[in-house]
Amino acid sequence: MNPVSPLDNVRIVLSHTSHPGNIGATARAMKTMGLSKLYLVNPKRFPDNEADVRASNARDILGSAQVCANLEEAVGGTHLAAALTARPRDLPHPTLNARQAAMALVQQARQQPVALLFGRESAGLTASEISRCQLTVQIPANPAYSSLNLAAAVQIMAYELRMALDESVIHSAARSPELASLHEVEGFHRHLEQIMVTSGFLDPKQPKRLMRRMRRLFARTRLEKEEVNILRGLLSAVDLRKPD
């Protein structure tokens with residue numbers, strides 16, 4: 001059954017938030033735009049009175065927030081994840097601006113859960129966290145001073161997600177193929193790494209950035225569920241044919 005609104009299928013994920021006030025302000029930013037799914041990965045302080053105060057009348061968002069031990073738990077069951085980053089990254093995933101990313105997320109959210117990730121106040125998301133997403137997102141800003149407060153960044157993206165609702169209606173008639181879940185994609189990456197190691201193609205003692213490059217390659221394709229099944233079938237067949 002489809003959700004009442006695609007926004008019901010959008011998760012806002014905050015990773016390792018230091019200041020509880022930013023969590024509360026995020027909840028308020030979400031509620032003003034009709035978002036309700038908040039996931040917190042190892043927040044430094046939560047629950048916290050400062051979060052409650054900053055949330056104002058959005059304390060219900062805090063009350064239903066999911067606190068997760070790791071990012072994999074936070075994005076479990078989603079089929080598209082986008083990572084917000086302000087800085088150019090080495091080996092970047094496909095990068096969209098805020099408006100483009102909101103359109104992509106809302107379009108997919110009409111069918112399946114999606115996630116939008118925000119990192120630490122001081123350093124943002126790590127390279128490892130970004131590698132688990134299919135997209136990176138940048139908010140166009142003054143290049144001389146592009147630093148945004150965490151809750152302000154959430155507010156901008158929440159606004160763009162709400163504005164994308166109307167725009168996405170004209171594209172919703174044609175049903176897109178079912179994307180693989182992030183859990184299924186992660187399972188494929190682990191399977192691929194295992195075969196690369198056992199075949200001798202990848203030296204686990206000197207991996208360099210090979211797996212990050214492979215993740216980037218497949219992130220560009222937005223793997224469908226059937227495609228992951230085919231690829232894992234291929235890997236299993238290769239594994240069976242390896243010499244004793």
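How many nonpolar, polar and charged residues does the lining of the largest pocket have, by class? The points below take up this question and then turn to other features of the structure, which is a predicted model.

1. The largest pocket. Sorted by class, the lining of this pocket has 12 nonpolar, 9 polar and 4 charged residues. The lining is made up of 25 residues, and the space within the largest pocket comes to about 590 Å³. Leu84, Thr85, Ala86, Ser146 and Leu148 are the lining residues that lie nearest the centre of the pocket.

2. Rolling a probe the size of a water molecule over the atoms shows where empty space is left. When the whole structure is searched, 1 cavity of 30 Å³ or more is found. The volume of the largest cavity is about 120 Å³. Its lining consists of 14 residues, and Cys133, Gln134, Val185, His189 and Ala219 lie nearest its centre. By class, the lining of the largest cavity has 6 nonpolar, 4 polar and 4 charged residues.

3. Helices at the cavity. Helices α8 and α9 each supply at least two residues of the lining of the largest cavity. The largest share, 4 residues, comes from α8.

4. Helix α8 against α9. Helix α8 covers residues 182-198 and helix α9 covers residues 210-219. The two pack at an angle of about 135°, and their axes are 11 Å apart. Angles over 145 degrees count as roughly antiparallel and those from 65 to 115 as roughly perpendicular; α8 and α9 are therefore oblique to each other. The crossing in which α8 passes α9 is right-handed. On the α8 side, the contact is made by Glu186, Phe188, His189, Leu192, Glu193 and Met196. On the α9 side, Leu210, Met211, Met214, Arg215 and Phe218 take part. This contact of α8 with α9 has 7 nonpolar, 1 polar and 3 charged residues.

5. Helix α8 against α10. Helix α10 is formed by residues 225-240, and α8 packs with α10 at an angle of about 20°, with the axes 10 Å apart. Since angles under 35 degrees count as roughly parallel, α8 and α10 are therefore roughly parallel to each other. Here α8 passes α10 in a left-handed crossing. From α8, the residues that meet α10 are Glu184, Val185, Gly187, Phe188, His191, Leu192, Gln194, Ile195 and Thr198. Their counterparts in α10 are Lys225, Val228, Leu231, Arg232, Leu235, Ser236, Val238 and Asp239. Divided by class, the contact of α8 with α10 has 8 nonpolar, 5 polar and 4 charged residues.

6. A cis peptide bond. Phe46 and Pro47 are joined by a cis peptide bond, with omega at about 0°. Pro47 is placed in the loop between β2 (37-41) and α2 (49-55).

7. A positive phi. Although His16 is not a glycine, its phi is positive, at about 55°. His16 is found in the loop between β1 (10-15) and α1 (20-32).

Conventions:
Residues numbered from 1 in each chain as written. Predicted model: local features only at pLDDT ≥ 70, side-chain atom pairs only at ≥ 80, totals over all residues. Heavy atoms only, no water. Axes fitted to C-alpha atoms, helices over the stretch in contact; angles between N-to-C directions. Left-handed = near helix turned anticlockwise from the far one by under 90°. Contact = heavy atoms within 4.5 Å. Nonpolar A, V, L, I, M, F, W, Y, C, P; charged D, E, K, R; others polar. 1 Å grid on protein atoms, 1.4 Å probe; cavity = no way out; pocket = protein on both sides within 12 Å on 5 of 7 lines; lining within 4 Å. Points joined across faces, edges and corners; volume = space filled by probe spheres on them.
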